[in-house]
Structures are given as C-alpha cells and as structure tokens.
Amino acid sequence: MTFWSPGRARRFAFCKKFFRLYYEEANQGLAPDAPESLRQLNRRKAILAPGESLVAGLNAALAKAGAPDRMLREAERYCFLFDRPASEQEMFRDAITHLKNCAAVEAYFAISGERRLPVDKIPVRHLAGIQIFSSAFFAWRSTPGRVATLEFSAFHDPMRFFLQKWYLFDRFHIAAERIDCTIVDPSSGIEFHEDPTQAPSPEEMLRTILLSHAEMRDCTAFPFTDDRKRCEDCRFSDYCELLRARASE
Ligand code: SF4
C-alpha cells in the first residue's frame, strides 16, 4: 500500500474490517465477472455518508460559483440532484444558512479571481515512496505577503492544517509562516483557525504519517471492531454480518 490520507487513517481507526471492505473488497465489485455480493458492496461504498456528501456539495458549489448567492444556489442544486433523504436536505439547508454568515466564505468571495490559487482538486504530496492525499481546499492571496486557506470539514485536527501548508509550499513555494488556515464545519458554521504556536512540528507530523502508514501496510488480520455502536452507522453492516456469521461457524 503506497497511499496515505487522513481519511484512510480515520477509517482504519474506526474499524479494520471496514477499512478492508472499503479499500479492497469493494473495488473487486468493479470486475465484469464479480459476484453480485461484491457488486453490491461496491455500490454501498459509493454512497456518501451525510457529512461527506455535504462537504462534497459545498466544495463543488464554491469551486463553481463566482458569488455567494450563486454558491448557495449551487449547493442547493447539488443537494437535490442526488435526491438525498429529507433529513439530509435539512442538513444542507442548515449548512447553507450557516455559510451565509461565514466570514471565511465572505473573504473568499471578496477577493478578485486572479488572487485565488489554482489548488488541485486532490492535493497530493510524496513522502518516502508514499502518495499522500488530502481533501480539497481553497487558497488565495489575502494581504500582501500572506495566503489564506479555507476547507470544509467536520475534522479540524492539526494534520489537516499541516497538509495544506505542505502542499502550498510544494506547489507554490509559499512558506508555512505566511499561511493562515481556516477550517469550517459546515454542519455548525463554526470556523476553526490554526494556532501556529500550538502546532506540532513538521517532523512530528511526518513521523505520524509514516507510523500510521506502516500500521496499515502491516495489518493482515483486519478484525471486526468490538464496538457494536459503530456498526449501527456502518454502510457495510448487513454484508459484514454475513461475514461474521461465517467466521463463527
Ligand atoms: S459492521 Fe461493524 S465490524 Fe463490520 S465493517 Fe462495519 S463497523 Fe466494522
């Protein structure tokens, strides 16, 4: 395995079996001669969890729109395009309301287009032969000599800020000290700003990635989680129950 991302690390920590089903077995469902059970697993993988869907919708809307009003319309369109259940549509509407008052979104639209940096849809870095992926984010030249970033995410850990800064340095040669990072949780509209004085060192972050990658690479058993509460929200739960039953026979 030569990939790493915060999402992979999160899924691995959630449940080793989930990780295996999500990244390996579900992909086998794409083969033309795959059995129906694996095809179904693949379809389940493609279903976005409500939070993922919200973030994807907002990213798509913000990237496409040239003004806040248009962005909000795009976000709504995305919500209905995928025929999400009523509870999720409600979540989208709440998020859109939060974003109307979001200072980071306002700042993004306040600057002219040429000050926005062309950040790749999937930012990638390389470390010791490993491809490091992270989520989409937006970046722009905010004031002379400084760059601001905005990412929609329910997670606002130091690793996300670090990955943004690392990418901007690799791609645009912008020093970390000149970057002000903001993550907005769309479900609440709360903005999280990085406090660079509290950030772990880059060496520490790279060590964390290498250790996490090694743990995933060396895992061979992929056990079921013991925490049954996690299974309640798991998109693979019925398929997994069959596996469990077979394993205990
Ligand atoms: S149902 Fe539970 S054990 Fe199975 S993959 Fe999901 S979280 Fe893991």
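This is a predicted model: local features need pLDDT of at least 70, side-chain atom pairs count only at pLDDT 80 or more; totals for chains, interfaces and linings use all residues.

**The main core and its surroundings**

Modeller: Start with the core itself. The largest nonpolar core holds 31 residues. Leu58, Phe138 and Ala139 have the most contacts inside it. As a general point, nonpolar side chains tend to be buried together in soluble globular proteins.

Leaving out residues up to four places away in sequence, Ala139 touches Leu117, Val119, Val147, Ala148, Thr149 and Leu168. Leu168 is one of the buried residues of H8.

Now H8. This helix has 15 residues. From first C-alpha to last, H8 reaches 21 Å, close to the 21 Å expected at 1.5 Å a residue. Its buried residues are Arg160, Phe161, Phe162, Leu163, Gln164, Lys165, Tyr167 and Leu168. They pack against helix H1 (6-14), E2, E4, E5, E6 and helix H9 (202-218). After H8 comes His173, with a positive phi near 60 degrees.

E2 leads on to a hairpin. Strand E2 (residues 124-127) and strand E3 (residues 130-133) run antiparallel, joined by 4 bridges. Leu127 has Ile130 of E3 as its bridge partner. There are 2 residues between the strands of this hairpin. Ala128 lies in that loop between E2 and E3. Its phi is positive, about 50 degrees, although Ala128 is not a glycine. Most residues other than glycine have a negative phi. Ala128 is exposed, with 10 other C-beta atoms within 10 Å.

Phe222 sits in the loop between H9 and H10. Phe222 is partly exposed, with 15 other C-beta atoms within 10 Å.

There is a second, separate core. It has 7 residues, including Cys15, Phe18, Leu41 and Phe236. Cys15, Phe18 and Phe236 are also among the residues that surround the ligand.

That brings in the ligand shell. The shell divides into 8 nonpolar, 2 polar and 2 charged residues. Helix H2 (16-28), helix H10 (228-232) and helix H11 (237-248) each supply at least two of its residues. H2 gives the most, with 3 residues.

Last, the whole chain as context. The protein has 11 helices and 7 strands. Buried residues make up 25% of its 249 residues. Consider contacts between residues at least 6 apart in sequence: 61% of them join residues at least 24 apart.

Technical notes:
Residues are numbered from 1 along each chain as its sequence is written. A residue is near a molecule or strand if its C-beta atom, placed from the backbone, lies within 6 Å of it. Ala, Val, Leu, Ile, Met, Phe, Trp, Tyr, Cys and Pro count as nonpolar, Asp, Glu, Lys and Arg as charged, and the others, Gly among them, as polar. A nonpolar core is a set of buried Ala, Val, Leu, Ile, Met, Phe, Trp, Tyr and Cys residues joined through C-beta atoms within 7 Å. A residue is buried if 20 or more other C-beta atoms lie within 10 Å of its own, exposed if 12 or fewer, and partly exposed in between; C-beta atoms are placed from the backbone. Two residues are in contact if their C-beta atoms, placed from the backbone, lie within 7 Å. Two strands pair if DSSP finds at least two bridges between them. The expected span of a helix is 1.5 Å times one less than its number of residues.
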